[in-house]
Amino acid sequence: MIVVFGFLIAGILAGFLLRRKQKLIQLADRLTTWFIYLFLLLLGISVGANQIIMNNFAKLGGQAIIISIGAVIGSLIVANLVYLLVFKKKENEE
Amino acid sequence: MKNSLLIISFFALGVLIGRFIFLPKTIIQTDISLYALYILLLLVGIGVGSDAKTRQALKNLNIRILSVPLSVIIGTFIGASLFSIFIPGLRLKESLAIAAGFGYYSLSSILIAQISGNVLGTIALLSNLSREIITLLFAPLMVKYFGKIAPIASGGATSMDTTLPIITKFSGKEYAIIAVFNGLVLTLLVPFLITLILK
């Protein structure tokens, strides 16, 4: 977790110092998109190569996904209310 | 829709490669996706640090930021308890403990396995990993239909690292601070909530 924050904060500092260099910032934005795809590919590979996940998925995956779908839908609905009541209202005021 | 399809394709391709193509053990064990994540977070940081709207958002920051992790906790527990009706084999308490991982699958699965055994630990691993994957795959659609807080809420504890890049891409860089804050609060709560629920 500390490493994760280290990279993030290093990036934010670099971005702040380089904020006038539009070309570099645009390049970082484009690279971000490609690294998102690369990350998803690599995440997929580690899931596909993980024996615990692959062997138990047929038996326990259904139950696991029902819980996560419930948790996600619940969070989305409450977050939508919060967005409309707290954040969007504020955006309109500004 | 096009974005979600592209995201799903890359992930699905990865799963097929990992499952059916023989990869040297060292590649799998070193977990390159972690290094890709580090570079990704550096790049996201550069985007966020150079963004004028983010500096504005930082100035306007106030107590309302607390409403985000709070709504995730409430929404997660209501949703998981309602959906646990469809899983007769699990007790409500167990479903709630699994949901209290908020996507933080490594810690939640280890904790739950220690308290309640390996089967429940494995369900916790699969459930929380799928919460992260659902967020990554459907973030564009979530923003479209549930507002800009939606992928942050869906990402739960992961909104500060693995799902952060996709959140800043589809909700906007000015939501990065909220996402990191949300992830941090939920990550810190995971061990407390799980022990509290199961013991």
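Tutor: Start with handedness: a crossing is left-handed if the near helix is turned anticlockwise from the far one by less than a right angle, and right-handed if clockwise. Here, α8(B) and α10(B) make a right-handed crossing. This is a predicted model, where local features need pLDDT of at least 70 and side-chain atom pairs count only at pLDDT 80 or more, while totals for chains, interfaces and linings use all residues. Residues are numbered from 1 along each chain as its sequence is written, and chains are lettered from A, ligands numbered from 1, in the order in which they are written.

Student: At what angle do α8(B) and α10(B) cross?
Tutor: Axes are lines fitted to C-alpha atoms, for helices over the stretch in contact, with angles from 0 to 180 degrees between N-to-C directions. These two axes come within 10 Å and cross at roughly 25 degrees. That makes α8(B) roughly parallel to α10(B) (angles under 35 degrees count as such).

Student: Which residues of α8(B) and α10(B) meet?
Tutor: Contact means C-beta atoms, placed from the backbone, within 7 Å. Leu136(B), Ala139(B), Pro140(B) and Val143(B) of α8(B) meet Ile166(B), Ile167(B), Phe170(B) and Ser171(B) of α10(B).

Student: How many residues of chain B are in contact with chain A?
Tutor: 72 residues of chain B, touching 64 residues of chain A. α3(B) gives the most to that side of chain B, with 16 residues.

Student: What scores does the predictor give the complex?
Tutor: An ipTM of 0.89 and a pTM of 0.87.

Notes: Two residues are in contact if their C-beta atoms, placed from the backbone, lie within 7 Å. Helices (H or I, at least four residues) and strands (E, at least two) are DSSP runs, numbered from the N terminus. Angles under 35 degrees count as roughly parallel, over 145 as roughly antiparallel, 65 to 115 as roughly perpendicular and the rest as oblique.
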